[in-house]
Amino acid sequence: MVYTVTFNPAIDYFVRMNELKTGSINRSESEKLFFGGKGINVSAVLAELGIPSKALGFVAGFTGRAIRDGVNSMGIETDFVELEEGCSRINVKIRSGVETEINGQGPRIPAEAVNRLYEKLDALRDGDILVLAGSIPGTLPVDIYEKILARLSHRNIKTVVDATKDLLLNVLKYRPFLIKPNKQELGEMFGVNPETDDEIIFYAEKLRELGALNVLISMAGDGAVLLDERGEVHRCGACCGTVRNSVGAGDSMVAGFIAGFESGDCEYALKLGTAAGGATAFSDGLAKKDEIFELLKQL
């Protein structure tokens with residue numbers, strides 16, 4: 001079973017308009033609502049690919065209930081910790097030639113609620129996959145990723161971590177099954193600006209030396225590179241299409257890789273992940289199954 005954790009899920013409110021004028025009234029051309037957060041995005045694309053998952057995390061208030069019900073309506077099982085105070089956040093995504101985002105803060109998460117999440121994670125069994133993705137809300141301990149991986153370290157659970165800089169570096173000692181920094185995030189971790197494939201592979205190898213088993217580097221229009229647990233390098237070009245949306249593309253790549261790895265084939269997992277990421281980037285929402293497999297033909 002795949003479990004995803006979204007510490008601060010949201011209702012994403014997408015608005016399209018010709019031009020955004022500050023200081024005046026703006027009229028939208030179209031609007032859409034999505035139930036999101038990086039872990040939920042992973043679960044949604046896994047569902048498209050026929051892989052069941054359970055979404056964990058924290059929700060609060062009427063927006064939290066809407067998120068829970070909305071995620072359930074997508075065919076995804078949920079087991080959120082429901083907070084007694086506050087409301088889950090609403091993020092506004094404005095598309096008007098350029099992308100503008102206003103992201104809410106979300107509710108305060110007390111220590112008692114964190115302990116309830118730990119209890120849910122204790123129910124994972126050997127062979128399960130746990131996906132931790134995204135930043136940590138300010139009301140949570142900054143080392144919560146480390147605490148979760150330490151708690152599960154004595155068990156045969158594959159962990160997938162999609163995070164940045166110290167948040168990612170600090171968990172490598174627990175040997176996560178997969179990490180997925182993009183090229184910019186890879187450079188930020190080492191204070192460099194890798195440009196060539198050789199430079200990217202060099203620093204990906206450093207992440208493996210620090211403990212990661214599989215290192216997947218996404219490079220937008222330049223495709224992706226995978227350094228697998230045997231130390232072998234796999235490259236994949238990008239899919240062709242018109243980018244409409246960058247939100248959730250990385251999460252979709254993670255989901256595609258997990259689904260593709262069910263076959264035990266790293267090459268196929270890399271291609272399916274790349275196709276899933278492209279399918280999200282080329283649409284207004286998250287990738288759909290037919291779009292993913294149509295793009296897979298390009299690879």
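User: Which residue of β3 is the bridge partner of Tyr13?

Analyst: The model is predicted, so local features are given only at pLDDT of at least 70 and side-chain atom pairs only at pLDDT 80 or more, whereas totals for chains, interfaces and linings use all residues. Residues are numbered from 1 along each chain as its sequence is written, and side-chain values use heavy atoms, without hydrogens and water. Strands here are DSSP runs (E, at least two residues), as helices are (H or I, at least four), numbered from the N terminus; two strands pair if DSSP finds at least two bridges between them. Strand β2 (residues 10-16) pairs with β3 in the antiparallel sense over seven bridges, and the partner of Tyr13 in β3 is Leu33.

User: In what order do the four strands of the open sheet stand?

Analyst: The pairing in this open sheet is mixed. β3 (30-36) and β8 (98-102) are the edge strands with a single partner each, so one side of each has no neighbour in the sheet. The order is β3-β2-β7-β8.

User: Which residue in the turn between β7 and β8 has a positive phi?

Analyst: Strand β7 (residues 89-96) runs antiparallel to β8, and five bridges join them; Ile94 stands opposite Thr100 in β8. The two strands form a hairpin with one residue between them. The residue with a positive phi, of about 90°, is Gly97.

User: How are α9 and α10 oriented to each other?

Analyst: Helix α9 (residues 266-281) packs on helix α10 (residues 289-296) at an angle of about 120°, with the axes 8 Å apart. Axes are lines fitted to C-alpha atoms, for helices over the stretch in contact, and angles run from 0 to 180 degrees between N-to-C directions. Angles under 35 degrees count as roughly parallel, over 145 as roughly antiparallel, 65 to 115 as roughly perpendicular and the rest as oblique. The two helices α9 and α10 are therefore oblique.

User: Which part of the structure holds Asp284, the salt-bridge partner of Lys32?

Analyst: A salt bridge is a side-chain nitrogen of Lys or Arg within 4 Å of a carboxyl oxygen of Asp or Glu, and the structure holds 22 of them. In one of these, the side chains of Lys32 and Asp284 meet at 4.0 Å, N to O. Lys32 lies in strand β3, so the pair ties together parts 252 residues apart in sequence, and Asp284 belongs to the loop between α9 and α10.
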